[in-house]
Every structure is written in C-alpha cells, then in structure tokens.
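Please keep the viewer open as you read.

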Amino acid sequence: MSADRGYHHGDLRAALISASFDQLADQGLQRFSVAAVARRLGVSSAAPYRHFPDRDHLLGAVSAAAARDLRTEILEAAGAAGTDPADRLAAVAGAYLRYVAQTGAGFHVIYAAELRALPDEERRAHTRALMATLLDLASAAGADTYPVAVPLVEGTMAVAHGYWSLYADGFFPRRPGAVDEIATRAVAAARALVMP
C-alpha cells in the first residue's frame with residue numbers, strides 16, 4: 001500500500017509501519033515522528049497510539065521489519081552473485097545500498113541507539129538473524145574465526161553505508177539509474193576488501 005493514497009480501513013498497525021518507511025525515505029531518522037506518519041495516512045494524530053505507545057515502539061517495529069527485509073534482500077543478492085564466496089559477500093553492499101535508497105531504513109534505523117533499551121524480542125531476533133547471515137557470508141569468504149569475520153562484516157557494511165550516505169547527501173547526482181550504478185561501485189569496493 002502506498003501511504004500517499006492514505007489509509008482506508010484495515011490493518012492500521014501494518015499501514016503505520018509501511019508509512020514509516022516512506023517517512024524515513026523522505027525525511028530521515030532525525031525528522032521521524034509519529035504525527036508525521038499519521039498525517040501521511042490521513043488519520044488522527046492519536047490513532048497510532050492505539051498500536052504503539054510511543055515513537056520508539058513504532059520505530060522498533062520498523063527496525064524489526066527492516067532487519068527482516070534487508071536480510072531477505074541480502075540472501076537474494078548473495079544467491080544471484082553465484083558461487084564465489086567473496087562475490088557473495090560483496091553483493092551485500094549493493095543489496096544494502098538499494099534497500100536503504102528505497103526505504104530509508106539502514107543500520108542507522110535497525111541498530112538505532114535509542115532502541116537499545118526497548119524490550120522487543122521480535123526486533124532483537126531479526127537483528128540477530130541479520131548479523132548471523134552477514135557473519136556466515138564473511139566466514140564463507142575466508143574469515144574463519146569470529147575475530148576475523150567481524151572486521152570483514154564491519155568493512156563491508158561501512159562501504160555500503162558510506163556509499164549510501166554519499167548518495168543521500170547529494171555527492172552523486174540524482175538521476176535515473178544512479179542507485180544501481182552506485183550499488184555496483186559499492187559491490188566493487190566491498191569485493192576489494194576480500195583478498196583473492
């Protein structure tokens with residue numbers, strides 16, 4: 001459902017999460033508010049609070065959905081990259097950039113500092129699964145111990161998030177096909193992190 005068409009009865013909780021992604025993509029995390037999400041849906045500013053007691057709980061639900069969906073995108077990209085483990089890991093960078101460009105919800109939302117104390121086991125399960133997938137891909141690419149895999153995951157994600165930040169901040173021109181071109185650059189940069 002596109003939040004631009006407004007909310008027309010049904011699952012308000014799901015609609016709030018969907019509209020939150022649109023809000024994040026348009027305005028970013030710093031300007032994210034429950035009231036803005038409600039306006040997107042054309043519901044009263046009180047309506048979201050029937051499902052989420054506050055901003056952090058709504059953002060926590062978005063974080064859980066983002067971790068789940070990003071993991072799916074990463075697994076699909078790794079699968080499409082073929083059988084070479086280094087190529088599969090590098091594909092993570094492109095998948096991440098495309099996902100965040102579309103949704104506005106990258107690691108800055110998934111692992112938002114303000115959500116650390118939020119008691120949300122579903123979110124924690126999805127973030128753990130995402131990190132386990134990344135560590136598995138790094139391990140397959142030759143990082144055979146946890147202390148070696150963690151910096152490789154960090155480097156891969158730093159490349160991916162860095163390219164997205166450059167795009168979001170206007171370093172790259174906004175034109176058709178730009179996201180795919182930048183994703184390709186991010187994959188090449190991430191691939192260079194893994195020794196041949």
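## About the model

This is a predicted model, in which local features need pLDDT of at least 70 and side-chain atom pairs count only at pLDDT 80 or more, while totals for chains, interfaces and linings use all residues. Residues are numbered from 1 along each chain as its sequence is written, and side-chain values use heavy atoms, with hydrogens and water left out.

## Helix α3 against α6

Helices here are DSSP runs of H or I with at least four residues, numbered from the N terminus. Helix α3 (residues 55–80) and helix α6 (residues 121–140) have axes that come within 8 Å and cross at roughly 25 degrees. Axes are lines fitted to C-alpha atoms over the stretch in contact, and angles run from 0 to 180 degrees between N-to-C directions.

The crossing of α3 and α6 is left-handed, meaning that the near helix is turned anticlockwise from the far one by less than a right angle. Contact means heavy atoms within 4.5 Å; among the residues that make it are G60, A64, L70 and I74 of α3 and H126, L130 and L137 of α6. By class, this contact has 10 nonpolar, 5 polar and 3 charged residues. Ala, Val, Leu, Ile, Met, Phe, Trp, Tyr, Cys and Pro count as nonpolar, Asp, Glu, Lys and Arg as charged, and the others, Gly among them, as polar.

## Other partners of α6

Helix α4 packs on α6 at about 150 degrees, with the axes 8 Å apart, and this crossing is left-handed too. P85, R88, L89 and V92 of α4 meet L134, L137, A138 and A140 of α6. The contact holds 7 nonpolar residues, no polar ones and 1 charged.

With α7, the angle is about 105 degrees and the axes are 9 Å apart, so α6 and α7 are roughly perpendicular to each other. On the α6 side the residues are M131, L134, L135 and A138, facing Y146, A149, V150, L152, V153 and M157 of α7. This contact has 10 nonpolar residues, with no polar and no charged ones.

## Y163 in α7

Y163 lies in helix α7. Leaving out residues up to four places away in sequence, Y163 touches L97, F172, I182, R185, A186 and A189. Y163 and A189 are 26 residues apart in sequence, and their C-alpha atoms are 9.7 Å apart.

## The largest pocket

Which residues lie nearest the centre of the largest pocket? They are A25, A101, W164, A168 and R174, out of 14 lining residues. The lining comprises 8 nonpolar, 4 polar and 2 charged residues.

A pocket is an open set of points on a 1 Å grid over the protein atoms alone, where a 1.4 Å probe fits, with protein on both sides within 12 Å along at least five of seven lines; lining residues have an atom within 4 Å of a point.

Notes
Helices (H or I, at least four residues) and strands (E, at least two) are DSSP runs, numbered from the N terminus. Angles under 35 degrees count as roughly parallel, over 145 as roughly antiparallel, 65 to 115 as roughly perpendicular and the rest as oblique.
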